[in-house]
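Subject: Structure for your files

Hello,

Here is the structure I said I would pass on. My notes on it follow below.

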Amino acid sequence: MQRILLLALVVILIGGLLAGCGQDQPSNQEGQNDGAKQGEKQDEILSGTITIAGSTSVQPLSEELRKVFEEKHPDVTIYVQGGGSSAGVKAAANGTADIGAASRKLKESEKEYGLTVITIARDGIAIAVHPSNPVEGMSLEEVRKVYTGEITNWKQLGGKDAPIEVVTREEGSGTRGAFEELVMEDSKITDNAIVQPSNGAVRTTVASSENAIGFISVGFLNDEVKGLKIDGVEPTAENIVAGKYPLFRPFNYLVKGEPKGIVKAYIDFVLSEEGQKIVAKDYIPVK
Amino acid sequence: MDKKLIEQKIAVFLLGACIAITFFLLIAVIGHILQKGLGQISVEFLLEEPRDMGREGGIFPTIVGTIYLVVISLIISVPIGVLSAIYLTEYTRKGPILKAIRFATESLAGIPSIIFGLFGFTFFVIFLKLGWSVLSGSLTLAFMMLPTIVRASEEAIKSVPDAYRLGSFALGATKWQTIRKVVLPTALPGIITGIILGIGRAVGETAPVILTMGSALRIPWTIMQPARTMSVHLYILASEGISMEKAYGTATVLIIVVIFINFLANFVMRKMISV
Amino acid sequence: MNNLNRLIERCIKNVLFFCAAISIFVVLLITVFVCIEGFPIIKKYGLLNFILGRKWYPLDGVFGIFPMIIGSIYVTCGALLFGVPLGVGCAIFLAEIVPKKIAKILRPGIELLAGIPSVVYGFYGLVVIVPLIKKYFGGSGFSVLAASVILTVMILPTIVNISEDAIRAVPAEYKEGSLALGATHWQTIKRVILPTARSGIMTAIVLGMGRAIGETMAVILVTGNVAKIPGSFLDPVRTLTSNIAIEMPYSAGEHTQALFATGIVLFVLIMFLNMMSTFTRSLRKGDKLSG
C-alpha cells in the first residue's frame, strides 16, 4: 500500500514537472510576446524561433523566404516542415506551430479555431503526366471524369491504349482540397487512386510511370513531368494572373489570434515588396 | 539408388537453397544500396548542411539529430531499465507484482511503433505542449527501447554467479553495496550489449520520430527544438523524390552505422562469454 | 551505522521498485490513453460498422476500416507465405545440416537483416521491387506483393532465430533413436525433429506475424495506400498502420478518434497474437512424439 502511494506521488510530480517544462517553450505564443517586448526595446534586433508547418506546396516558398529573413535577422531561427495543409491548420490551432501553412481556403469547420488568415501568394494546380505521354491537354470535364473513374483508358483521350493510373493526395492535402473544389465539385475521387503524401511524392510517381496522371502545385513542375493544357491553356503564372488558367488557389499563413512579435515581423516581411519579389519567382504575388 | 537417399539429397539441397536465397536477399539489398550510395559519401556529405531542402549539400544536421535523439533517449531509458532489471532479479520473490511488471515489460515490447508515435504525438507534443522536439522524440523512443534494455540487463545480472554475491555478503557488504561493486561490474558487458541493441532500434525508427520530433532540417541546439534524424531524412528524400542520390547516400550511412552497431554488440557479447 | 545502512537499503529498494513499476505505468498510460481517445467513436459509430465498413472517407465522417484490416492481413499472409518456408528451412539448415562453426559464421548475417532499419527496406522496395513488379506484372507496381516481399525479408530473422532454438531444443535421444532405427537424416528431421519442435516453430510464426502487422514505414512506401479491398496480389492496398501514420498529422475531432480506434484494433490484434505465442510456447511441455 505504501509503495503504491509512493509510486503515485512520484508520478504526479513528474507529470507536473513535464507540464511545467512545456510552458517555458520559447516558440509558444506567450514566449513570443516576451520576444516582442525584447524586440521593441532593442530596436530591430529580433530573436527567437518560429515554426512553420503544413502545406507541402507552400514549403519551398517558405524555405526561400526564411533564408532571406534569417540573413537579415541572424538571431531568428525558422523551422519549416511539411505534413499537408490540414496538418498546418491543426498545428496552428493547437499551438504546435506558430504559423500554419495551407494551400487552400479555410473550411467551415476550421473557422472556429480563431485563426487569422494571411494570404501570401497564389499558385496554380497543374495536371501532370509523364513527358512521353502523347496527350497534350484535356478539358476540365475530362479531368473530372478521369478522377471519378469514368474515363479509364488513355485512348479515350486520344492517347495510347493503356489504363490510366490515377494518383491523388492524402485527404488532408490542401492541393487536393483545392482540386476537389475546382475540378470535382460534388463528385468523389475514385477510391482506386494511388495516394501519395506530398507534392514531391506525386511528382515522383508520375515521373516514373508512363500512364500516370496526378495533380501538383505549379511551383513543383519541372522537366521530370509534363503539365497538361487545361481547356487549351498552359499552366503558367502569366496565364493564371490573366485569369485564363482555371486552376489556382491561395497560399495562406494561419496564425492563432493576431500575429505578434517576430511572427508579425516575418509576415510583414513576406508581404513587403522584397518578400513578394521572392514570391514572384515561382508563384503569383498578392499584389 | 535408394528412394530414401534421393529424398535425403533433394532435402539437403532445398534447405541449402533456403540459406542461399536468404543471403542473396541480404546481399541484394545491402549491395544495391551501398553500390549506389558509397559514391555519395565524402567528408562534405557528412559535415555540410543541406541546401534546397536536401537536394544538395550534406546531411550533417540529420547526423546531429540522430545522435542527439539517441543520447537523450539513453539518458532516460538506461537508468530506468538497468534499475528495473536489478529490482526484478535481486529484490523480488515470485508473486503477483513480479508477474505484473514482467507482463508490462513484455507488452511494451509488443506495442507497434506507430502506436508509440500516435501516443507520443498526442501526449507529448500536443497535450504536454512539448511541441516537436528532441525531448518529445526521446521520451517516446526511451519507452520503446526500455524492454530491450531491461531484458538484456536481466539476463546479464542473472548470469552473475551466486558465489560472487555470497562472497561479498560474507565479507560484510550490504545488498546494495554488493550490487554496486560486484554484480553490476560483472554484468556490465551484457548490459552494454542491450544498450547497443537499443541504440540500433532507435536509429532505425521513423514514423514515431517524424510525429514527435518533426522534420525541420536544422541542427537542434536544445532539446526543445525540432530535428530530423537520418531515417526520417531518407524517408522524405525518397518519398518526395527530392534527390535519389542523396537518398542512397543517407541509406548507405544508415547501413554502415547499423553494421557497426551489430559488430560492436557481437564483440562485447563475446567479451562477456570469455569473462 | 547499521541503522543508517538499513535506511539506505530501504530507500534504494523503493527507488528500484519505482523504476521497475514505470514499465507498468507507461503501458497503462498508453493503453488507457489510446482507449479513452478511441472508444467514443466506436460507441457512436458502432463497432461492427467500424470494423466491417468498406468505405473510409474520414472527412465525411465515414469510418470503415475493413479494407485496411484486409490489407494488413493480406500483406502479412504474403510475408508468411514466403517467409515461413524460407525461415524454417534456414533454421533446419543451421541447426542440423551444417557444422557448428559454419553456423556461427552464417548467423550474424541473418541477424544483420534484423538490424537494418525498416525505412531502408522501404526505400529498397521503392527503387527496386516496385519497378520490377511493374515491369514483369504490369500495373503500377505498388502492390500487396511488393509489401509482402519486403516484409518477408524483415521477418526472416525472427522466424529463423526462434525456429532454430526450437529445433536445437529437441532432445538428442529422439534424433539418435531415429537414426539408430535406420532412418536417414532427412527422414529424422521430417518425422521426428520437426513435429517435436512444432510448438516453437509456431511461436516463431506468430511472432513473425506480429512484426509484420506492426510494420509501418516499409509498407507506406510500396503499397500505394489505397483504402480499398485489394482484388489481387498486384493491387495497391492500405494497412492499418499506414492509415494511422498518413492521417495522424492532420486529423481533427472525430477523425482523430477514428485513428485511435484503429490503434485499438491494432492493439487487440497484436495482443491476441502475443497470447497465441504464449500458448504455442506452452505446448512444448508434454508434447507427444508423433509417428
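A residue is called buried here when its relative accessible area is under 20%, taken with a 1.4 Å probe and protein chains only. By that cut-off, 56% of the 291 residues of chain C count as buried. Please keep in mind that this is a predicted model.

Chain C overall

Chain C contains 12 helices and 2 strands. Along the sequence, the order is α-α-β-β-α-α-α-α-α-α-α-α-α-α. Its C-alpha atoms fill a box of roughly 80 × 70 × 35 Å along the principal axes. Among the contacts in chain C with a separation of 6 or more, 72% are between residues 24 or more positions apart. Chain C exposes about 12100 Å², and 67% of that comes from carbon and sulfur atoms.

Helices H7 and H8 of chain C

Two packed helices are described by the angle between their axes and the distance between the axes. For H7(C), residues 172–180, and H8(C), residues 185–196, the axes come within 10 Å and cross at roughly 145 degrees. This crossing is right-handed. On the H7(C) side the contact is made by Tyr174(C), Lys175(C), Ser178(C) and Leu179(C). Their partners in H8(C) are His185(C), Thr188(C), Val192(C), Ile193(C) and Thr196(C). By type, the residues of this contact divide into 4 nonpolar, 4 polar and 1 charged.

Helix H9 of chain C

Does the length of H9(C) agree or disagree with what its residue count predicts? H9(C) covers residues 198–214, and its 17 residues should span 24 Å at 1.5 Å a residue. The end C-alpha atoms are 24 Å apart, so the two figures agree.

Which residues of H9(C) are buried? They are Ser199(C), Gly200(C), Ile201(C), Thr203(C), Ala204(C), Val206(C), Gly208(C), Gly210(C), Ala212(C), Ile213(C) and Gly214(C). These buried residues pack against several other helices of chain C: H3 (66–97), H6 (144–168), H8, H11 (240–247) and H12 (254–282).

Chain A

Chain A has 10 helices and 11 strands. Of its 287 residues, 53% count as buried. In chain A, 75% of the contacts between residues at least 6 apart in sequence join residues at least 24 apart. The accessible surface of chain A comes to about 12100 Å², with 52% belonging to carbon and sulfur atoms.

Regards

Definitions and conventions: Residues are numbered from 1 along each chain as its sequence is written. Chains are lettered from A and ligands numbered from 1 in the order in which they are written. This is a predicted model: local features need pLDDT of at least 70, side-chain atom pairs count only at pLDDT 80 or more; totals for chains, interfaces and linings use all residues. Side-chain values use heavy atoms; hydrogens and water are left out. Axes are lines fitted to C-alpha atoms, for helices over the stretch in contact, and angles run from 0 to 180 degrees between N-to-C directions. Helices (H or I, at least four residues) and strands (E, at least two) are DSSP runs, numbered from the N terminus. A crossing is left-handed if the near helix is turned anticlockwise from the far one by less than a right angle, and right-handed if clockwise. Contact means heavy atoms within 4.5 Å. Ala, Val, Leu, Ile, Met, Phe, Trp, Tyr, Cys and Pro count as nonpolar, Asp, Glu, Lys and Arg as charged, and the others, Gly among them, as polar. Buried means under 20% relative accessible area, exposed over 50%, partly exposed in between (1.4 Å probe, protein chains only). Accessible areas come from the Shrake-Rupley method with a 1.4 Å probe; for residues, only the protein chains shown count as cover. The expected span of a helix is 1.5 Å times one less than its number of residues.
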